[in-house]
Amino acid sequence: MTNVDFSAVPEEVDPKDRHVAAAALAFRHAVDQDAQDDEPGQTYDVILVTDNIKDLAKKQMAKLGVRVMRSGAFLNDVYKAEAIQSGK
């Protein structure tokens, strides 16, 4: 994680949660670099799973490529995508 990641954190993120948002943005940058090594046009989603979405500026983080989701919504999406493998 670099100062660039911290400076990219939206102002709407609670000051006590800036480190979490910065880590998600650092991961977003790392994923983007890895995608370049994979097939052309390959993209990957970065999802920050937390039940504290009110402090993490969900809309602003989405604009930066990080989806903020509650744990229950995330697990529901996993089940919908891979019902047999997720074994709900």
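The dialogue below goes through this predicted model feature by feature.

Reader: Since the model is predicted, what average pLDDT does the protein chain have?

Author: The general idea is one of caution: where pLDDT is low, the predicted coordinates should not be read in detail. In this case the protein chain averages a pLDDT of 87, and 97% of the residues score at least 70.

Reader: Which element has the lowest mean pLDDT, and which the highest?

Author: Helix α5, residues 83-86, has the lowest mean pLDDT, at 70. The highest, 96, belongs to strand β2, residues 66-69.

Reader: How is burial to be read, and what share of the residues is buried?

Author: A residue counts as buried when its relative accessible area is under 20%. Of the 88 residues in the protein chain, 27% are buried.

Reader: How far apart are Val 66 and Asp 17, in sequence and in space?

Author: Val 66 and Asp 17 are separated by 49 residues in sequence and by 15 Å in space, C-alpha to C-alpha. Asn 76 lies in helix α4, residues 71-81, and is partly exposed, with a relative accessibility of 37%.

Reader: Let us turn to charged pairs. How many salt bridges are there?

Author: The reading rests on a distance: a side-chain nitrogen of Lys or Arg must be within 4 Å of a carboxyl oxygen of Asp or Glu. By this rule there are 3 salt bridges.

Reader: Which residue forms a salt bridge with Arg 28, and where do the two residues lie?

Author: The partner of Arg 28 is Asp 32, and their closest N and O atoms are 2.8 Å apart. Both residues lie in helix α2, 4 residues apart, which is about one turn of the helix. Arg 28 is buried, at 11% relative accessible area, whereas Asp 32 is partly exposed, at 34%.

Reader: Is Lys 54, which meets Asp 55 in a salt bridge, buried or exposed?

Author: Lys 54 is exposed, because its relative accessible area is 70%. Asp 55, by contrast, is buried, with a value of 17%. The N to O distance between the two side chains is 3.4 Å.

Reader: Which parts does the salt bridge between Arg 67 and Asp 77 tie together?

Author: The side chains of Arg 67 and Asp 77 meet at 3.3 Å, N to O. Arg 67 lies in strand β2 and Asp 77 in helix α4, so the pair ties together parts that are 10 residues apart in sequence. Both partners are partly exposed: Arg 67 has a relative accessible area of 45%, and Asp 77 has one of 30%.

Reader: Which residues form the negative surface patch?

Author: The negative surface patch is formed by Asp 34, Asp 37, Asp 38 and Glu 39. Glu 39 is found in the loop between α2, residues 18-37, and β1, residues 46-49. With a relative accessible area of 60%, Glu 39 is exposed.

Reader: Which residues gather in the patch of positive charge?

Author: The positive patch on the surface gathers Lys 58, Lys 59, Lys 63 and Arg 70. Among them, Lys 59 is found in helix α3, residues 58-63. Lys 59 counts as exposed, at 67% relative accessibility.

Technical notes
Residues are numbered from 1 along each chain as its sequence is written. This is a predicted model: local features need pLDDT of at least 70, side-chain atom pairs count only at pLDDT 80 or more; totals for chains, interfaces and linings use all residues. Side-chain values use heavy atoms; hydrogens and water are left out. Patches are made of residues with over 30% relative accessible area and no salt bridge: like charges are joined within 9 Å, nonpolar side chains (Val, Leu, Ile, Met, Phe, Trp, Tyr) within 5 Å. Accessible areas come from the Shrake-Rupley method with a 1.4 Å probe; for residues, only the protein chains shown count as cover. Lys and Arg count as positive and Asp and Glu as negative; His and the chain ends are not counted. The place of a charge is taken as NZ of Lys, CZ of Arg, CG of Asp or CD of Glu. Buried means under 20% relative accessible area, exposed over 50%, partly exposed in between (1.4 Å probe, protein chains only). pLDDT is the predictor's confidence in each residue, from 0 to 100.
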